[in-house]
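Colleague: I would like to learn how to read a structure, feature by feature. Could we go through one together?

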Amino acid sequence: QDALRHVSETTRVTPDEAARLGFEVGEGQVELYRVGDDGLVEVPRWRHAMINFPHPLLKQGLVILDTPGLNAVGAEPELTVNQIAQAHAVVFVLGADTGVTKSDLAIWRDHVLPAGAGKPGGDEALLASRLVVLNKIDTLWDALSTPQQVEKQIEQQRVESARILGLTEDRVMAVSAQKGLQAKVKGDAELLKSSRLDVLEDMLAK
């Protein structure tokens, strides 16, 4: 935990230095790095981190690349766009409460979707390596709604996301990673089932 904490560290640099590092500095836009009152810009302290963890699957050669958010696509292409083509599986994580946003769709079409996929003659096998996860379904677990109503809302979001992204519905999964982790730590089989994390793990394993 101590070592992993360093990954999220940030530092403050001048706008010129931020631009030199590849971070797009703007004024007021949500998705751009902004200049603070001190005249500096907050950017990640580290370009990337390689983490070794003693897990059996990792020892067999499994490599997991966890890319940062949308800002990193332009600033860190070597860690995002260039690696996607080499991956056996790409998991595109969206919010279950928001579904596919305009920014998500742009990233999907420009960087994640295989070239020509979904079109006549496109690489369908490569398209099958793309999985979409609607995370945080626990935010939809409304105490005032029946389980059937919650299920219907999640299913509608899943179906609509598949339609927008041009995928078959079985490639879009809805999960709660946080509840899944909690269930595994506590040995709660019922909560694990509700989190649907085991469905995603099974899909990835296959």
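Predicted model: local features only at pLDDT ≥ 70, side-chain atom pairs only at ≥ 80, totals over all residues.

Colleague: How many bridges join E5 to E6?

Modeller: Six bridges join these two strands, and Val90 stands opposite Arg130 in E6. Between strand E6 (residues 130-135) and E7 there are three bridges. There, Leu134 stands opposite Ala174 in E7.

Colleague: How should I read the side chains of a strand?

Modeller: In a regular strand, side chains alternate between the two faces of the sheet. In E6, Arg130, Val132 and Leu134 point one way, while Leu131, Val133 and Asn135 point the other way.

Colleague: Are the residues of E6 buried or exposed?

Modeller: Buried means under 20% relative accessible area. Six of the six residues of E6 are buried, so the strand is largely enclosed by the rest of the structure.

Colleague: Now a helix. Which residues of helix H6 are buried?

Modeller: In H6 (residues 102-112), the buried residues are Asp104, Leu105, Ile107, Trp108 and Val112. These residues cover an arc of only 165° around the axis, which puts them on the same side of H6. Lys102, Arg109 and Asp110 are exposed on the other side of the helix.

Colleague: What is the idea behind a salt bridge, and how many salt bridges does a search of the whole structure find?

Modeller: Side chains of opposite charge can pair when their charged atoms come close. The search finds nine salt bridges. One of them joins the side chains of Arg196 and Glu151, at 2.4 Å from N to O. Arg196 lies in the loop between H10 and H11 and Glu151 in helix H8, so the pair ties together parts that are 45 residues apart in sequence. Glu151 is partly exposed, with a relative accessible area of 35%.

Colleague: Where do Arg163 and Glu160 lie?

Modeller: Both lie in helix H8, three residues apart, which is about one turn of the helix. Arg163 counts as exposed at 57% relative accessibility, and Glu160 counts as partly exposed at 32%.

Colleague: What about the backbone? Which loop holds Lys136?

Modeller: Lys136 lies in the loop between E6 and helix H8 (147-165). Its phi is positive, about 70°, although Lys136 is not a glycine. Arg196, from the salt bridge with Glu151, also has a positive phi, of about 65°.

Colleague: Last, the surface. Which residues make the nonpolar surface patch of about 270 Å²?

Modeller: Leu4, Val7 and Ile51 make that patch. Ile51 has its place in the loop between strand E4 (41-44) and helix H3 (56-59). Val63 is another residue to look up: its loop runs between H3 and helix H4 (71-75). Val63 is exposed, with a relative accessible area of 71%. Val63 and His88 are 25 residues apart in sequence, and their C-alpha atoms are 10.0 Å apart in space.

Note on methods:
Residues numbered from 1 in each chain as written. Heavy atoms only, no water. Pairing = 2+ DSSP bridges. Helix = DSSP H or I, 4+ residues; strand = E, 2+ residues; numbered from the N terminus. Patch = residues over 30% accessible without salt bridge, like charges linked within 9 Å, V, L, I, M, F, W, Y side chains within 5 Å. Areas by Shrake-Rupley, 256 points an atom, 1.4 Å probe, with all protein chains shown as cover. Salt bridge = Lys/Arg side-chain N within 4 Å of Asp/Glu carboxyl O. Buried < 20%, exposed > 50% of the residue type's maximum accessible area, 1.4 Å probe, protein only. Arc of directions from axis to C-beta.
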